[in-house]
Amino acid sequence: MRIPLRPLTRRGLLTGTLGSAALLAAGGSLAGCGTKAATQTEAGCKSDDLSATEKTLAFSNWPQYMDVDDKDAAKRPSLDAFVAASGIKVTYTEDINDNNEFFGKVQNQLAGCQSTGRDIIVLTDWMAARMIRLGWIQKLDPAKLPNVAANLLPSLRGRSFDPENRISIPWQSGLAGLAYNGSVTGEVRTVDELLTRPDLKGKVTALSEMRDTMGLLLQSNGHDPSKFTAAQFDDALNKLRKAVDSKQIRKFTGNDYAPDLAKGDIAACVGWSGDVIQLAGDNPKVKFVAPDSGVMLFSDNMLVPNKATHKANAEALIDYYYQPAVAAKLAAFVNYICPVTGAQAEMEKIDPELAANPLIFPDDALLAKSKVFMALDEKQEKEYESKFQQVIGA
């Protein structure tokens, strides 16, 4: 089913005054990331699991990231089925609106080895990597995740921040690439076209999410965004700076680019696959483009924070959503990349059109040219974000 375009991104955006403040707040908190007070270890911050006697689970997620019933928005079919089958009562809260904002909300508890009151949280790759680096996330038991072991997409295995797939399990994934409105412009196939084509001048937006915009520019220069040097980053940043200085790029946005793209107020942009699927449902001339140079693959990941007391219950829910039929039901609602193999065949029973959509079920060729942005250490994160923010004027 189609759902309304989401007013808030899931990507930890740094836009406008709020975004700059969020970045400064993150920078301030990161300054202490190397201290013993902030960093935890598995031995030093032990968590008790009460799942055997407490059949409850607190699950924090982003808005509109769970399937709901067409006639009753209070019902969540896939989640309700898990509760009925497992006997585990789930308190489901949509209280994650921004990665940095959520980090600020829980950092004091996690830095101090205290409970956040949550058993599962869902965060984007880079924030998941930061929390893992800080030692704030519990390891999962592979024996309790057989569906994950069997059905996790190969392209999402062995990521640099969790090479054994034991700490962060993808909830949904997506692609960052190019998008254009064919009602107001011709096809846009490459990043260089987007940044230099005269007929697009002043009609282009790019994402204020550094990892997606810079990842695409790195690829356009022939570099690997999953493994790059500081010089290569600067080279790509110079390309972006030229597009800003020439006023080719009108502005940098969160997913608030989507209404402007739909109306033709902008002709083309750097955008996200899930947004474009939704826009194309109303205007088929809005197209998502995966440049030959490559696309960026991101995931929002299920994590069990330290001091969560229902890890086994959390593992049961995580593994439940890796059943292909369940995953298909969820993907039919959220329209992002389904991380579960076998779900495409199940989707054919629900909606054959969605089953054939390569932005929900990418083929091997598309996945082969997708990259996850390199995991950054504390110093790199602050340095690269600072340089990027200076160029985009945030």
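A salt bridge is a side-chain nitrogen of Lys or Arg within 4 Å of a carboxyl oxygen of Asp or Glu. Keep that in mind as you move through this structure, which is a predicted model and holds 21 salt bridges.

Begin by selecting Arg133 and Glu381, whose side chains meet in a salt bridge with an N to O distance of 3.5 Å. This pair links distant parts of the chain, since Arg133 sits in helix H4 and Glu381 in helix H16 (residues 378–392), 248 residues apart. Colour the two by accessibility: Arg133 counts as partly exposed at 33% relative accessibility, whereas Glu381 counts as buried at 4%.

Now widen the selection to Arg130, Glu209, Arg211 and Glu385, which are linked with Arg133 and Glu381 in a network of salt bridges.

The lining residues of the largest cavity divide into 11 nonpolar, one polar and seven charged. Colour domain 1 (56–173 + 300–357) and domain 2 (174–297 + 374–392) separately: both give residues to the lining, so the largest cavity lies between them.

Finish with Lys263 and Asp265, whose side chains meet in a salt bridge at 3.7 Å, N to O. Here Lys263 is exposed, with a relative accessible area of 59%, while Asp265 counts as partly exposed at 38% relative accessibility.

Note on methods: Residues are numbered from 1 along each chain as its sequence is written. This is a predicted model: local features need pLDDT of at least 70, side-chain atom pairs count only at pLDDT 80 or more; totals for chains, interfaces and linings use all residues. Side-chain values use heavy atoms; hydrogens and water are left out. Ala, Val, Leu, Ile, Met, Phe, Trp, Tyr, Cys and Pro count as nonpolar, Asp, Glu, Lys and Arg as charged, and the others, Gly among them, as polar. Domain bounds come from an automatic or database domain assignment. Helices (H or I, at least four residues) and strands (E, at least two) are DSSP runs, numbered from the N terminus. Buried means under 20% relative accessible area, exposed over 50%, partly exposed in between (1.4 Å probe, protein chains only).
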